[in-house]
Amino acid sequence: MAEVNLIINDQKVAVPEGSTILEAAQKLNIFIPTLCYDPELSRPASCRICVVEVKGSKNLVPSCAALVREGMVVYTDSPPVIEARKTILDLLLSNHPEDCLTCGRNGDCRLQDYAYLYGVRRGTFGGEKHSYALEDDNPFIVRDMNKCILCGKCVRMCAEVQGKNVVDFAYRGFHTKIAPAMDTTLSQSDCVFCGNCVAVCPVGALQEKGLRKSARTWEVKKVRTTCPYCGTGCNFDLNVKDGKVVGVTSCAGEVNGRALCVKGRFGYGFIHHPDRLTRPLIKKDGVLKEASWEEAINLVAARMGAIKEKYGPDALSVLASARCTNEENYLLSKLTRAVFGTNNIDHCARL
Amino acid sequence: MTNPISDIAGADFILAIGTNTTESHPIISLQVKKAVRNGATLVVVDPRKTEIAGLAHYHLPIKSGSDIALLNSLAHVIIAEELWNKEFVASRTEDFDAFKETVARYTPEYAEKITSVAAQTIREVARGYAGAKNATILYTMGVTQHICGTHNVFAIANLAMLCGQVGKPHSGVNPLRGQNNVQGACDMGALPNVLTGYQSVAADEVRAKFAAAWGVKELPARPGLTVGEMMEAAEHGKVKGMYIMGENPVLSDPDAGHVVRALEKLEFLVVQDIFLTETARLADVVLPAASFAEKDGTFTNTERRVQRVRKAVEPVGEARADWEIICAVARAMGYPMNYSTPAEIMAEIARLTPSYGGISYERLEKGGLVWPCPVLDHPGTPVLHVGKFARGLGKFHPVEYVPPAEQPDEQFPLVLSTGRRHFHYHTGTMTLRTGALEVYYPEEYLEVNPADACVLNLENWEKVRVVSRRGEVEVRVCITDRVPAGLVFTSFHFPEVAINKLTNPVRDAIAKIPELKVCAVRIEKIA
Amino acid sequence: MSQLVINGQTVEVPEGSTILQAAERLGIFIPTFCHDPGLPGVASCRICVVEVKGAKNLTPACMTAARDGMVVETESPAVIAARRTILELILANHPQDCLTCEKNGDCRLQDYAFYYGVKSSRFEGERHTYPIDDANPYIVRDMNKCILCGKCIRTCAQVEGRAVLDYAYRGFRTKIAPAMDTPLGESDCVFCGRCVTVCPVGALTFKSLAGKGRSWEIKKVPVKCPFCEAGCDFHLNLKNGRVIGVTPQPPKPGRPLCLKGRLALELLYMDEPPPPYRKENGKFVATGWAEALDLEKLLAKISQGRVDVGRS
Ligand code: SF4
Ligand code: SF4
Ligand code: SF4
Ligand code: SF4
Ligand code: SF4
């Protein structure tokens with residue numbers, strides 16, 4: 001494909017024809033703020049925070065949608081650009097709750113990032129603010145439409161990735177709002193609680209219920225892993241605070257991208273459930289009683305050994321697990337064949 | 001799967017057989033939906049009106065257990081109308097003539113009688129599949145959990161070969177695995193007849209290689225017992241000791257009553273798990289294992305991608321990783337089994353397993369690897385059978401339709417089918433303890449068609465007794481046309497509705513998969 | 001030794017320990033604002049109150065001695081209710097400014113508000129509207145955010161001959177200020193910055209870091225000042241691998257944490273150190289590094305010891 005040459009902030013760059021100014025800037029590691037833009041979704045270019053100055057053009061142009069042209073000269077941080085961005089932020093903050101104090105997205109919020117970056121302390125336009133009720137009636141997602149900046153990413157994520165069309169823009173003007181059909185709650189809609197809309201929301205309007213009430217964004221360590229449920233093998237980040245898994249967030253998964261299903265995203269609670277087994281148990285007089293590891297392991301070895309001795313190796317059998325790791329299944333096969341001396345090993349994959 | 005998940009979105013034609021993809025494999029279903037948005041034709045073969053069936057251009061509400069009749073009939077049309085890929089069949093397959101002869105009898109009109117799918121629909125679907133540039137077939141337990149499960153899979157493979165829809169992108173024969181590491185457990189030789197990478201225990205050189213690596217004189221040559229056979233052997237006193245790691249057969253296996261009887265007859269049962277499952281309660285020793293978040297390791301997904309599992313937190317209480325427990329047991333039995341990390345175990349696996357030969361933790365840090373990956377600089381093999389089948393020529397296996405083992409009759413007039421729900425997983429040990437999923441979806445129900453409900457005089461959400469020849473459970477009724485008349489459906493996620501007390505343990509003769517998708521039941525009102 | 005029970009757990013501590021210390025030994029968290037192990041205790045903020053069995057009132061854990069046989073609850077409903085009320089009272093007169101506040105992410109008021117789920121205040125009333133004091137190159141004072149814990153006063157008093165800060169006015173108008181309520185730049189302040197390091201909220205912040213990064217983006221690397229024998233401890237503040245500022249670590253006895261040391265470290269570690277200033281006639285003017293660090297004097301001192309070795 002043909003290359004197009006342009007100049008951004010006095011630096012030269014060549015990108016394939018059809019690229020946007022934003023993509024060209026990213027190639028130069030020049031930062032341009034975005035709110036409604038997402039590389040995986042369609043581009044409405046509606047938030048205007050990504051505007052840049054193009055020499056010779058009367059108006060500022062949205063860099064996420066404007067395509068590069070040969071010889072273009074672009075400024076991403078000129079005074080008019082900064083002025084425009086500040087105005088947009090001021091407008092957004094004028095109808096935004098001052099709630100970072102306890103907001104679950106504090107520390108990982110684009111509105112906050114840009115307000116800090118451009119030094120916009122608060123909205124100055126005054127006027128009416130929304131006072132929508134918090135939607136908190138399901139165990140997965142909390143929706144606070146007062147914090148919504150109407151970027152529409154959730155709408156596009158639900159439609160274009162999740163293929164559900166659960167949420168959409170409703171009403172008009174000041175009353176414009178993101179809502180399921182008939183403005184019901186998610187739990188009364190077709191929502192499958194994949195939480196993929198939450199994963200793309202740039203602010204605290206959509207939050208993971210469990211995660212955001214148990215940890216602040218800067219307190220968690222993220223550990224990338226693979227989902228323990230179905231065979232798709234989605235990747236995600238376990239969010240860990242004080243040695244406990246407090247939630248799951250999307251990462252750039254190889255199989256799944258940022259998309260997860262309700263089990264992968266919200267099904268982590270079993271890890272620290274009080275029902276977890278914490279000590280070996282040995283049955284005495286028909287009742288399982290706590291025992292030490294040494295006692296338990298020695299008993300297993302002695303009894304399995306005795307059965308092998310008395311009836312031969314094929315009196316032993318082993319069920320491996322479709323839930324355990326490869327390494328563990330391998331070792332169990334090794335134990336069965338090399339130590340027990342039988343091929344009686346299978347697992348429940350047939351189910 | 002012969003092809004990667006990401007391939008699905010690029011297919012022109014998708015034949016989804018017996019897969020409730022949106023609920024059981026939600027993320028894979030996103031690829032299907034994407035393909036449909038891009039203009040692909042979607043055909044869903046499922047007795048139930050699932051969400052994915054709602055998106056389909058053709059929904060074939062086939063009679064449970066009649067898949068072979070349908071698949072053979074599709075092949076019949078394709079051959080009769082000369083739509084098959086002659087070049088592919090000639091150069092890459094064998095035994096075509098036998099196959100052609102078998103399917104000759106399966107005219108769409110004949111198949112209509114067995115499957116209750118209209119002959120005209122069969123014709124249209126056949127033409128669509130054969131005419132597509134890239135057509136993919138997806139299937140799951142809806143195909144395999146039948147007495148003829150293996151034959152069903154043969155019938156699918158026959159169709160794909162007939163049209164040359166394998167060995168190239170966006171096509172293939174793609175079983176979607178239900179559990180996170182079914183693929184890996186099989187790859188690792190957790191099967192009675194093979195060692196890692198499907199190396200046969202019957203082959204002398206294979207056994208010699210493993211015996212040398214494992215430091216033992218010899219390894220057993222005779223293939224062992226499958227799960228079902230183990231349970232039978234236990235009941236008959238032939239198997240005396242059993243070691244179960246991370247499985248809950250009491251709830252997941254058919255005819256649960258029989259499983260409990262078998263396990264109770266054992267002289268010694270060890271269960272290693274993260275919860276005190278229904279199976280663990282029967283054990284003599286229960287060993288507390290670490291969960292996936294508490295250990296390092298790898299899972300292999302349904303597209304054969306080996307991916308890292310990483311330790312995020314310490315195990316609860318005194319729980320230990322399964323691999324550590326196994327090592328301790330081996331040592332206590334006088335066998336030196338010592339590894340300091342799972343990475344070391346993977347290195348050993350790679351040395352002994354050609355298809356995993358190039359896999360190492362160091363490489364996995366950079367991302368997953370799709371086997372076959374024989375050597376360290378091999379990029380992995382997302383698409384199988386390109387240019388050549390693993391065995392050389394693709395073999396047509398002619399198969400005939402056989403009806404399900406248990407047919408509805410006067411005493412048990414309804415067919416019960418089981419499956420999964422979107423909000424839950426397997427026997428519910430994990431998903432019923434999340435503080436979220438079970439809150440939203442707290443109780444299981446039985447789907448019953450309005451016509452049947454009317455005959456039986458059932459009310460929505462009424463609690464009923466479901467009875468089969470093997471057992472009974474109580475469950476609430478949900479009256480819905482998601483199921484056709486004559487069929488009822490529920491899941492096996494909830495211990496309170498231990499539906500496998502009812503199911504039929506009769507197994508497919510080859511793969512030994514039980515017929516969980518069809519058993520005859522009746523519904524009784526609870527006075 | 002005294003043995004006591006806290007939240008059902010038994011613990012032994014040496015005679016003279018506080019309940020707070022006993023709880024720390026058990027890993028039980030008790031919030032504090034005005035308490036600092038390096039400063040004299042005042043028990044004025046009351047956020048650390050706990051319930052002691054048999055006692056009529058809640059008692060501050062930071063000052064109450066742990067006595068033998070005591071039974072303490074640190075998170076009982078009464079305790080939580082008290083803490084929530086304290087937080088609500090503070091927030092009633094606190095700007096909701098976390099959006100761009102430099103302390104966001106490392107602020108005790110915010111931590112406790114989140115922990116106890118106090119989003120806003122029931123008590124609406126008058127709010128302060130003090131002007132922000134940033135008329136000096138080093139420290140920004142926003143007294144609207146001050147919670148009057150008094151830590152800055154106590155730490156300043158520990159500096160030889162300083163005690164620049166103190167409480168001024170009374171009641172609602174109580175405020176921390178230098179003598180005569182002048183801006184800091186016009187006071188005797190030597191800008192060692194120890195008050196900033198002990199401030200639990202965003203009332204005192206470093207000007208050099210303003211707008212440069214948020215607490216969660218900054219990695220702190222400890223360094224020792226090589227300038228004098230005291231060897232004070234500082235933090236290099238790194239963002240994306242670049243040193244964006246130098247800040248003193250919480251003061252320890254006998255460590256002056258002087259401005260000169262901090263500036264020298266800025267010169268040593270930063271790619272673009274901020275220009276140094278010197279105070280002339282009560283005004284700060286930009287100056288050269290040699291002057292700021294008194295290098296002339298240092299050079300003069302070294303050159304005295306210089307020996308003429310000739311050239312041949
Ligand atoms: S959404 Fe962002 S800006 Fe709004 S309250 Fe939450 S953290 Fe602050
Ligand atoms: S949770 Fe999923 S289905 Fe529900 S609105 Fe969000 S994206 Fe759509
Ligand atoms: S809820 Fe979030 S993602 Fe959706 S429009 Fe509002 S701010 Fe954007
Ligand atoms: S997130 Fe959902 S779709 Fe993905 S692997 Fe887990 S259970 Fe399967
Ligand atoms: S001092 Fe703390 S609570 Fe106050 S605005 Fe700053 S960060 Fe928020």
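This report walks through the chains of a predicted model, their interfaces and two of the ligand sites.

## Reading the model

Because this is a predicted model, local features need pLDDT of at least 70 and side-chain atom pairs count only at pLDDT 80 or more, while totals for chains, interfaces and linings use all residues; side-chain values use heavy atoms, leaving out hydrogens and water. Residues are numbered from 1 along each chain as its sequence is written, and chains are lettered from A and ligands numbered from 1 in the order in which they are written.

## How the chains meet

Let us start with who touches whom, where contact means heavy atoms within 4.5 Å. There are 2 pairs of chains in contact, and chains A and B share the most contacts. Chain B and chain C are not joined by any contact, and their closest C-alpha atoms lie 18 Å apart.

Chain A itself is divided into domain 1 (3-77), domain 2 (220-276) and domain 3 (281-350), with bounds that come from an automatic or database domain assignment. The centres of domain 1 and domain 3 of chain A, taken over C-alpha atoms, are separated by 62 Å.

## Chains A and B

Here 106 residues of chain A are in contact with 150 residues of chain B. Together the two chains bury about 10,900 Å², with 64% of it on carbon and sulfur atoms; buried area is the accessible area (1.4 Å probe) that two parts lose on being put together, summed over both. Ile27(B), Phe292(B) and Met333(B) supply 6% of the area that chain B buries against chain A, more than any other three residues.

There are 9 salt bridges between chain B and chain A, each a side-chain nitrogen of Lys or Arg within 4 Å of a carboxyl oxygen of Asp or Glu. One of them joins Glu328(A) to Lys295(B), whose closest N and O atoms are 2.9 Å apart. On the side of chain B that touches chain A, helix α16 (residues 322-332) gives the most, with 9 residues; helices (H or I, at least four residues) are DSSP runs, numbered from the N terminus. By class, that side of chain B has 87 nonpolar, 33 polar and 30 charged residues. Ala, Val, Leu, Ile, Met, Phe, Trp, Tyr, Cys and Pro count as nonpolar, Asp, Glu, Lys and Arg as charged, and the others, Gly among them, as polar.

## Chains A and C

This contact takes 20 residues from chain A and 24 residues from chain C. The area buried between them is about 2,000 Å², and carbon and sulfur atoms give 60% of that. In chain A, Leu101(A), Tyr116(A) and Arg121(A) lose the most area to chain C, together 41% of what that side buries.

The count of salt bridges between chain A and chain C is 2. Arg121(A) forms a salt bridge with Asp97(C), with the closest N and O atoms 2.4 Å apart. The side of chain A that touches chain C has 8 nonpolar, 5 polar and 7 charged residues.

## Two ligand sites

A residue counts as near a ligand if one of its heavy atoms lies within 4 Å of it. Around ligand 2 are residues of chain A, including Cys158(A), Cys191(A), Cys194(A) and Cys197(A). The shell around ligand 2 divides into 9 nonpolar, 1 polar and no charged residues.

Ligand 4 lies between chains A and B.

Notes: Helices (H or I, at least four residues) and strands (E, at least two) are DSSP runs, numbered from the N terminus.
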